[in-house]
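Hi there,

Here is the structure I promised to pass on. Have a look at it first, and then read my notes below.

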Amino acid sequence: MTFFDSLVFVTKFTLGHFDLVAILIAVAGFLVSFLLIGRYWGSAWNRRWGFSGSGAQPVINLVVALVIALLLLQWKATSLSVIWLGQQRELIKQQITASGENNRQMFRKAWDKLQPLGGQEGLTPPAEGGNELRLNNDTEARMLAMAAAEAASPQLQTKDPFRYGAPLSIRDPASVAAETTSSGESSGAAYPMIVNPSNNWVRNALSAQASYAVDHAIAELKSPLASLENTLISVVVVLLLAQAILVAVRALADIKENPKV
């Protein structure tokens, strides 16, 4: 993930999440720049210096103060996003496994694959309002799990953090399906059995994909976000130092131009 990509991610995260601490830090940065440096630092060099400053200095101070406030807001959001990413795994798993609409879509896809194989006699197709699917063996259970694993990507794209631009990657659906049918409650199942859209195979396959996707996003974002965090605070420091030098120079120049007591 590039530096620009991480900046876009943090910007979208900032816009999507209100954080009081981040707002207060941004306001504090604005006051330090505009009031402390723009006003009182200038007064230390020129006692006649005020908010009006000299020439274009007031406008420069305002612009710098606003930029610093924005950068500090981004800096704090970058720090928060790292913590926030680690909290998304269980939430996303709950979101995509609890979606009735998505579960029914996967159910229909699984039906379309299983129905031609036979074994669904007497059941109403999901497209016609049916809510049951018969699994006759491990192979059919694996096909159901695979349908869920394949459908995970479009579901995850609409969830945090992926809708903010976090890199999305999922495992091979066939591998997920194989693991799903050979472990946990799904192993040793007694066939044939009737299942509804919310079942262990679907839940376990979606959970596995969600966990992998979040872990991958964290791994991909960790280094760029750390770099972005350091860059933002460095730029803030440079801007404050540059503003302090510029205000001092302008205040001293104002004395020479207007040498009145």
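How many of the 261 residues of the protein, as a percentage, count as buried? It's 39%, where buried means under 20% relative accessible area with a 1.4 Å probe, protein chains only.

Before you go on: this is a predicted model, where local features need pLDDT of at least 70, side-chain atom pairs count only at pLDDT 80 or more, and totals for chains, interfaces and linings use all residues. Residues are numbered from 1 along each chain as its sequence is written, and side-chain values use heavy atoms, leaving out hydrogens and water.

Now the fold. You'll find eight helices and two strands (DSSP runs: H or I of at least four residues for helices, E of at least two for strands, numbered from the N terminus). In sequence order they go α-α-α-α-α-β-α-α-β-α. The radius of gyration, taken over C-alpha atoms, is 29 Å, well over the 18 Å from the globule rule (2.2 Å times the number of residues to the power 0.38), so the protein is more spread out than a compact globule. The C-alpha trace spans about 100 × 30 × 25 Å along its principal axes.

Then the inside. Leu144 touches residues including Ala110, Leu133 and Trp201, a contact being heavy atoms within 4.5 Å.

Cheers

Note on methods. Buried means under 20% relative accessible area, exposed over 50%, partly exposed in between (1.4 Å probe, protein chains only). Lists of a residue's contacts leave out its neighbours within four places in sequence.
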